[in-house]
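User: I would like to learn how to read a few features of a protein model. Can we go through them one at a time?

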Amino acid sequence: MANQENITRVTRAAKRRMSEHSLETQPPPKKRVVLGEISTNVIGNPNLGGVRKTTTARGRPRKCSNPTTLTAEKTPEEYVIEVSESRVLEDMDGDANDPQMCRPYVTSIYDYLRNMEKEEKRRPLADYMQKIQKDVSANMRGILVDWLVELAEEFKVVSDTLYLSISYVDRYLSSKPINRQKLQLLGVSAMFIASKYEEIDPKPLEKFCDMTENTYTKQEVVDMEADVLRILKFEMGNPTVKTFLRKFIRAAQGNSTKNPNLQLEFLCYYLAELSLLDYGCVKFLPSTIAASVVFLAKFSIQPKEHPWSSSLQHYTGYKPSDLKECVMRIQDLQLQKRGGSLEAIRNKYKQHKFKCVSTLTFPTASPTCYFEDVKE
């Protein structure tokens with residue numbers, strides 16, 4: 001018994017010594033690094049005046065200088081000019097401090113959208129009125145679009161909803177013949193779908209029925225909605241003219257992006273919406289219309305200056321010669337040679353909040369030399 005107690009005491013003492021030894025040899029705990037202290041480079045070439053961005057503890061960006069070594073080949077003045085020009089080009093791709101501009105991958109996004117807009121399943125037929133429709137005409141389509149613009153104004157929806165609505169209408173009419181009595185029903189259902197896709201707080205179904213003075217019941221709108229979704233195979237996310245216009249307007253503003261020319265911007269929006277009226281514009285890609293709108297808006301404001309530049313050619317991917325047909329078509333709408341009886345868009349842009357751009361006096365013809373390609 002005595003031997004057993006001695007063994008127990010020795011075992012306990014050994015365990016205690018081993019425990020003390022392990023505490024002495026245990027490495028000190030690692031200091032946790034605060035995430036706010038980790039610095040990351042802003043996307044862009046730091047040798048061209050990039051800014052190193054550090055996130056503070058509250059998640060706000062803190063800017064610190066990024067020293068750059070001046071080489072003997074450039075004077076300080078030449079270096080400053082190069083840095084400022086590079087920053088202007090980078091600014092066109094989005095504000096580095098605005099996560100919604102997606103600056104790190106904005107180029108990849110627009111490359112993806114340019115490929116998407118060409119997909120056959122997302123494109124209406126250029127001649128669907130002749131091939132598919134028997135009871136609907138291009139003039140009826142124009143009247144429907146004009147009414148949808150009024151509906152969009154009444155509901156105060158974002159312009160993306162309007163563009164998507166008309167895209168759905170054209171794609172549907174490219175796939176299935178429809179009776180003229182159901183054309184307005186198609187338009188209402190298309191905007192109902194688009195508003196649920198784009199709007200934060202879409203209007204209820206009853207409001208859409210009210211706008212048709214209850215010509216159609218709620219069940220008829222729901223049934224048409226289901227048919228549109230089926231015909232379009234639930235492919236509702238489409239790049240539109242407005243998608244590309246955002247970037248192209250920034251490129252057109254050049255180094256004035258911090259103090260934008262609102263007249264130019266609203267004139268672009270006005271011309272883009274006018275293009276929706278014309279069935280002849282259906283054959284053009286959305287990016288082509290967006291670039292043509294910028295071309296025509298710049299020419300309209302400053303007719304004695306060439307509206308295109310190497311910068312615009314780079315950012316849009318279009319040369320002036322690529323845009324000639326589309327520009328001439330939209331200019332006819334601008335001068336009321338087409339769609340002159342459709343007033344909703346013109347009345348909308350007569351408002352002071354849009355700088356009354358539809359009331360401006362526009363040049364009657366574009367010089368042929370302006371459509372010659374700009375040298376890089």
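**Reading the features**

User: How many disulfides does the structure hold?

Analyst: A disulfide is a covalent bond between the sulfur atoms of two cysteines. Here it is taken as a pair of cysteine sulfur atoms within 2.5 Å. The structure holds zero disulfides. This is a predicted model, where local features need pLDDT of at least 70 and side-chain atom pairs count only at pLDDT 80 or more, while totals for chains, interfaces and linings use all residues. Residues are numbered from 1 along each chain as its sequence is written, and side-chain values use heavy atoms, with hydrogens and water left out.

User: Is Cys-209 buried or exposed?

Analyst: Buried means under 20% relative accessible area, exposed over 50%, and partly exposed in between, with a 1.4 Å probe and protein chains only. Cys-209 counts as buried because its relative accessibility is 4%. Cys-356, at 15%, is buried too.

User: Where does Ser-287 lie, and which side chains make a polar contact with its side chain?

Analyst: A helix is a DSSP run of H or I with at least four residues, numbered from the N terminus. Ser-287 lies in helix α12, residues 286-301, and is buried because its relative accessibility is 0%. A polar contact is a pair of N or O atoms within 3.5 Å; within protein, one must be able to donate a hydrogen and the other to accept it, and residues adjacent in sequence count only if both atoms are side-chain atoms. The Ser-287 side chain makes such contacts with the side chains of Glu-117, at 2.5 Å, and Tyr-318, at 2.7 Å.

Notes. Helices (H or I, at least four residues) and strands (E, at least two) are DSSP runs, numbered from the N terminus.
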